[in-house]
Amino acid sequence: MAGRIKDEDVKAVRDAVPIDAVISEYLQLKNAGGGNLKGLCPFHDEKSPSFQVSPSKGLFYCFGCQEGGDTLDFVMKLDHLSFSEAVERLAAKTGIVLRYDEGGYNPGRQQGEKIRLIEAHKIAAQFFVEQLGSAEAEIGRKFLTERGFDQAAAEHFGVGYAPAGWDHLIRFLRGKDFTDKELLTSGLASEGRRGAIDRFRGRLIWPIRDITGDVIGFGARKLREDDNGPKYLNTPETPLYKKSHVLYGIDLAKKEIAKTGKAVVVEGYTDVMACHLAGVTTAIATCGTAFAEDHIKILRRLLMDNSSSHVVFTFDGDAAGQRAALRAFEDDQKFAARTSIAISPGGMDPCELRLADGDAAVRNLVEHSSPLFEFAIHSAVARHNTDTAEGRAAALEEAAPIVAGIKDGSIQHEYAVSLASKLGILDEQFVVRRVSQLARWARDRGQRGAEPRRDRQQGQGQGSGGSGQGVTRPQPPRGPRLDLRSPSHRVERELLKLALQHPHLVSPAFDAYGEDEFTAPPYAAVRNAIAEAGGTEHADDGYLARVRDVAPDDTVRILVTELAVEATHTRRAPDEVYAGMQLVAVRLQAVERRISEVRANLTRLGPRAGADDLNAVQSELWALQQYGQRLREQGTAAL
């Protein structure tokens, strides 16, 4: 059984890895004000960023789907790792050597499965790179040279060579203490008649990395005629590698994509290499599958769904390339970005174009792309005989919905007029009206079909403290979201935000506030967690982590995270005056509630009440009224 990672090492990993640096590996973050950052949530689809990161507190929270937590929670949830695996993954990136309670440094097989598989791929990638220099790999080096790639290019992209024998890689990895079971699970080995054999043999190898730069699979190109396998052989589906979730080159292109708001989608590994070497450093490719919805999600998080963003698809000019372009157009509406298509003269791919005409030709191809909907309209019309009335009508019915789907209304009108001309329909207003009608119907359908988003139930997860290693807590269903329009809830929420974000501003007064001063049960639970963590008076660097750790369940824990990240309702940084206003407001509301209760009690006593009972109630009412008056007049001095 795996040893438990020492708590001080878990803390060291948290402290060593800034949360914004980790999250920026997966999505683009922009300034959200108040020291926070924002981006498109990686846990649900959204058009505008509701995902916020607080670097100073080491927390993230999405106000759309209510996912939140610290750095380890983010890695666990997004990469589907256990708590220990997440700690090990971040520790490996920072060079921190973890210690385990069951003994020693270098725990080896105590590491989680995914961490072991990532390490195996890393070592395999180095092995393949070293083999590219061997005499046997001459055929691979020749392949690269013939396509315009020198040694520097091969090194930059990590291209390697898999020896032609049955078990060269397996024997090498066995020597690194990996088991045959691990190698089969990783996809680096296949099951042969006499046991495990190398999956990739006698082929040129491209490492496939995820967005963080970890090698999670390989693509292998056939080099010899006697190789009976497919032209390209990829890693099979594994715990690390899901081909529909992978974009080749994303690790190299992500920063430039986020910076420029532009992405270029090509079809193969050599096309990505050719584009990058030609100066188109936003090029990426799918890995043996069509560009689809999961790929779009990866790009949208980098592009931030800015309407000025631009996605360019390059496809071969043959029938297969045209079909791929039309499939891409079907997903066009899932982008806020403009989408275009680039088809080079003669149908050459970027690699061939660079060889034939140089780097400038590749850049020119991308710069002079055409709108994808223009290509789709042309393809729709071309399928019909527009010399006949029946053909023109059929072409209109196929092309008009494409024009109606154009997001920009003015461009939509222009293309409607252009479609009328293309079809030879003299009454262009008839076509314009038809397009407008289809666009309106589509909008109405979208509005009728839209349902309010329900709060997503939390997935399985582990606590953020060291004691949570390997322990899965049940996730209770979420209740309805608190009515934040309620004045009492609003001011209670604001005070709790201050207690979590700026504890020194409300200390020590806040610590004296009772549970009954918070009318919303979840808010009372947060107040109790703060008290159990030592209160605001003892807030230090580990204060927020303690509050989250002592929360009774994940519902309260996620609310703590939300309140710790959410901006306060003040235009400038909160100060003692603002904090005092919230303290007084919450206390005053509690006093007024109590006054209402005492008055109701007085009414229930009625004229038959005993003098002592009546005097006691009237005295309490008078004292409460006087206290309320002092709070209004003196503010925090009356607390």
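1. S340 stands opposite P371 in β17. Strand β16 (residues 338–342) is joined to β17 by two bridges, and the two run antiparallel. Strands here are DSSP runs (E, at least two residues), helices likewise (H or I, at least four), numbered from the N terminus; two strands pair if DSSP finds at least two bridges between them.

2. The model is predicted: local features need pLDDT of at least 70, side-chain atom pairs count only at pLDDT 80 or more, and totals for chains, interfaces and linings use all residues. Residues are numbered from 1 along each chain as its sequence is written, and side-chain values use heavy atoms, with hydrogens and water left out.

3. An open sheet of six strands has the order β12-β14-β13-β15-β16-β17, with mixed pairing. Because β12 (247–248) and β17 (370–371) stand at the edges with a single partner strand each, one side of each is left without a neighbour in the sheet.

4. The protein chain has an average pLDDT (the predictor's confidence in each residue, from 0 to 100) of 85, and 87% of the residues score at least 70.

5. Over residues 104–110 pLDDT stays under 50; the model has 18 contacts for them beyond four places in sequence, a contact meaning heavy atoms within 4.5 Å. Residues 448–481 are also below 50, with 78 contacts in the model beyond near neighbours in sequence. Where pLDDT is low, the predicted coordinates should not be read in detail.
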